Amino acid sequence: MSTKEKILTALMAHPDEWLSGDQLAQQVGISRESVWKAINSLRKRGHQIASRKNRGYQYAGSQQLDELAIKVTAGTGFDGVIQVTDQTTSTQDLAKQFLSQHAQPQLAAFIANQQTAGYGRLGRSFYSPGQTGLYFSLVLPNPSNDLSRVGLLTTGVVVSVVKVLQRFFPTQDFGMKWVNDIFLNDYKVGGIITEASMELESTSASAFIVGVGLNLTTATFPRGLTAIAQGIDPQARVDRNRLAAALLSELVAAYQRYPTTAFLPFYRDKSVVLGRAVTLQVGQRTVNGTAVAIDDQGGLVLKLSNGQQQSFTSGAVTRVRRA
């Protein structure tokens, strides 16, 4: 690690404590002057480091996404590759490029401050402005190559994301629209997409690519989105590095339990579609019915107009109405 990386690691390891220049110098094995230079360099990168005479330095977060800060905060919770970029088309593109360059899939996360072509299910664009959101893609190796229970993956991911968001925004009451959207006060604040890296010779998947887009403090949206989307809290101060670290750690922990149905009670309780009349887009087909259940594979069970019930494991809910 560079000197500034060592200093950042030391400061972040004691977030609520003051560390003197002498303490940092001794811990890292450098001079007081080198500590001062490293602190200034970190500040220029967006890290907020308070200083006080006779007390030293205290870490107070960062306004910029920083892969080292995320690694330090995540600790042993995430031991994969982390790459942070200021702007990209989509973090899904970065993840796919990474997979194409590695014969053996490995755990990796790709995080962007801004996306110019972020997308979700059915190729729909996801508004991804800089500074106010968190957009990342997570490569999850699939040792079993099995795809039979993939419905549990996306639903498990959205539960993990919502649980972390509840810790960072404890006063907000989040809901989930099957299968992958996060809602707040009837507005979409986040979305998740799960794609598979397929083996050419078979129908198995060597890895999953999970994309997560969150509008955290976004205050304004393009015309056409203002009626359906919002930021979680435009007035909040969110350390995106700490949030990213918490999300990556939670998602890896959840994936280590995959496949499991343990999260389904929470998912059902937070559903914004159960008991509602919905329109479901399945490929080129449109299905109308009442959402009556989430089955044990994460599928949406609809009661159709003929009275029969049918479970769907793929598709996108395009409209929700009172039943």
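Predicted model: local features only at pLDDT ≥ 70, side-chain atom pairs only at ≥ 80, totals over all residues.

User: Which residues of helix α4 are buried?

Analyst: The general idea comes first. An α-helix has 3.6 residues a turn, so residues three or four places apart point the same way. In this structure, helix α4 spans residues 67-74, and its buried residues are Leu68, Ala69, Ile70 and Ala74.

User: Against which elements do the buried residues of α4 pack?

Analyst: Their partners include both helices and strands: α1 (3-12) and α7 (240-256), together with β1 (47-52), β2 (56-62), β3 (81-88) and β4 (108-115).

User: What is found at the start of α4, and what just after α4?

Analyst: At the start, a side-chain oxygen of aspartate 66 comes to within 3.0 Å of the backbone nitrogen of leucine 68. Just after the helix, glycine 75 adopts a positive phi of about 60°.

User: How should I describe the packing of two helices?

Analyst: Two packed helices are described by the angle between their axes and the distance between the axes. For α4 and α7, the angle is about 50° and the axes are 8 Å apart. That angle makes α4 oblique to α7. The crossing of α4 and α7 is right-handed.

User: Which residues meet where α4 and α7 pack?

Analyst: From α4 come Ala69, Ile70, Thr73 and Ala74, and they meet Asn241, Arg242, Ala244, Ala245, Leu248 and Ser249 of α7. By class, this contact of α4 with α7 comprises six nonpolar, three polar and one charged residues.

User: Is serine 249 buried or exposed?

Analyst: Serine 249, a residue of helix α7, has a relative accessible area of 19%. Serine 249 counts as buried because that value falls under the 20% cut-off. Leaving aside neighbours within four places in sequence, serine 249 is in contact with Ala74, Gly77 and Phe78.

User: May we apply the approach to another helix pair? At what angle do α1 and α3 pack?

Analyst: The angle between α1 and α3 is about 85°, with their axes 9 Å apart. That makes α1 roughly perpendicular to α3. On the α1 side, Thr3, Lys4, Ile7, Leu8 and Leu11 meet Ser34, Val35, Ala38, Ile39, Ser41 and Leu42 in α3. The residues of this contact of α1 with α3 divide into seven nonpolar, three polar and one charged.

User: Which residues of α1 are buried, and against what do they pack?

Analyst: The buried residues of α1 are Ile7, Leu8, Ala10, Leu11 and Met12. They pack against α2 (21-28), α3, β1, β2 and α4.

User: What is the setting of valine 35?

Analyst: Valine 35 lies in helix α3 (residues 32-44) and is buried, with a relative accessible area of 1%. Not counting residues up to four places away in sequence, valine 35 touches Ile7, Gly21, Leu24, Ala25, Ile30 and Tyr57. As for spacing, valine 35 and glutamine 23 are twelve residues apart along the chain, and their C-alpha atoms are separated by 9.9 Å.

User: Where is valine 238 placed, and which residues does valine 238 touch?

Analyst: Valine 238 is in the loop between β9 (205-215) and α7. Residues up to four places away in sequence being excluded, valine 238 touches Phe169, Leu216, Thr217 and Leu243.

Definitions and conventions: Residues numbered from 1 in each chain as written. Heavy atoms only, no water. Buried < 20%, exposed > 50% of the residue type's maximum accessible area, 1.4 Å probe, protein only. Helix = DSSP H or I, 4+ residues; strand = E, 2+ residues; numbered from the N terminus. Contact = heavy atoms within 4.5 Å. Polar contact = N/O pair within 3.5 Å; in protein donor to acceptor, adjacent residues only side chain to side chain. Axes fitted to C-alpha atoms, helices over the stretch in contact; angles between N-to-C directions. Parallel < 35°, antiparallel > 145°, perpendicular 65-115°, else oblique. Left-handed = near helix turned anticlockwise from the far one by under 90°. Nonpolar A, V, L, I, M, F, W, Y, C, P; charged D, E, K, R; others polar.
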